[in-house]
Amino acid sequence: MNIPTHIGKSASEILETPFFDSASYLFRGMAWLDYHKRKNQFSAIIYACAEGRHGIEYLLFEELVISTGANLSIEDYKKCVNERNRFKKAIAQLSPDYERLQDFTKILASLETSIPQLIYWDHSALMKAWGTLSHYLHWFGARNLTSESAIWVESAQTEISQTLEPIWMKITSGRSGLMHPTNMNPVVRKIWERFRSGEIDNAAAKFQLEYLKPLAI
């Protein structure tokens, strides 16, 4: 995967970065954060938080689409647009077995080398990061105690870095994805149903998939 560097970008270069998916928003967030570290311009921190939060929102939306097998209804889509802070709840409602499905996909991926490097997201952790960035997009106090205080700014920069950098590192390490039940062949689907219900554990599911690999994958 060829990942462009966000280091050393000018303001114009950041603003001219094309595309508006999760990775692009997070790229600009990281670039603004780097810009602040180099230029010490407080506005760049606000821009980093805005872009980063957009990136997390879009990432959760992508997760919602994946969780429904790319079959999200118009009604559910409209709910997400109107209530961006409820993506995690929407995923839990529309795909209650999503975490189990992630685990099952990991097992499948371990048996098939042709599957690209997949990454899996902790939705609770993403919402926590969303909340951290949101704090800096609202009034956070008097100037002399915040944006004009070197100690406060340094603390804010550290917190934002610790929030954005792990997400950026992860999103650039592979692709989000999973094997949705609608795409499973009958053999895999039967094993998935037993795994989903708790009838078999990870080890048993892997053993059965490996034993039936010629038929399952």
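Modeller: The answers below take the salt bridges, then the pocket. The model is predicted, so local features need pLDDT of at least 70 and side-chain atom pairs count only at pLDDT 80 or more, while totals for chains, interfaces and linings use all residues. Residues are numbered from 1 along each chain as its sequence is written, and side-chain values use heavy atoms, with hydrogens and water left out.

Colleague: Why is the contact of Asp 34 with Arg 38 called a salt bridge?

Modeller: A salt bridge requires a side-chain nitrogen of Lys or Arg within 4 Å of a carboxyl oxygen of Asp or Glu. The closest N and O atoms of Asp 34 and Arg 38 are 2.8 Å apart, so the pair meets the criterion. By this rule the count comes to nine salt bridges.

Colleague: How do you know whether Asp 34 is buried or exposed?

Modeller: Buried means under 20% relative accessible area, exposed over 50%, and partly exposed in between (1.4 Å probe, protein chains only). Asp 34 has 10% relative accessibility and therefore counts as buried, whereas Arg 38, at 38%, counts as partly exposed. The two residues are four apart in helix 2, which means a separation of about one helical turn. Helices here are DSSP runs of H or I with at least four residues, strands are runs of E with at least two, and both are numbered from the N terminus.

Colleague: What makes the salt bridge of Arg 196 with Asp 97 a link between parts apart in sequence?

Modeller: The closest N and O atoms of Arg 196 and Asp 97 are 3.9 Å apart. Arg 196 lies in helix 9 (residues 186-196) and Asp 97 in the loop between helix 5 (87-94) and helix 6 (98-111), so the pair ties together parts 99 residues apart in sequence. Arg 196 also meets Glu 193 in a salt bridge at 3.0 Å, N to O; these two both lie in helix 9, three residues apart. Asp 97, Arg 189, Glu 193 and Arg 196 are linked in a network of salt bridges.

Colleague: Which residues lie nearest the centre of the largest pocket, and how many line it?

Modeller: The largest pocket is lined by 22 residues, with Asp 21, Ser 22, Ala 23, Ser 24 and Trp 168 nearest its centre. A pocket is an open set of points on a 1 Å grid over the protein atoms alone, where a 1.4 Å probe fits, with protein on both sides within 12 Å along at least five of seven lines; lining residues have an atom within 4 Å of a point. Helix 2 gives the most to this lining, with four residues.
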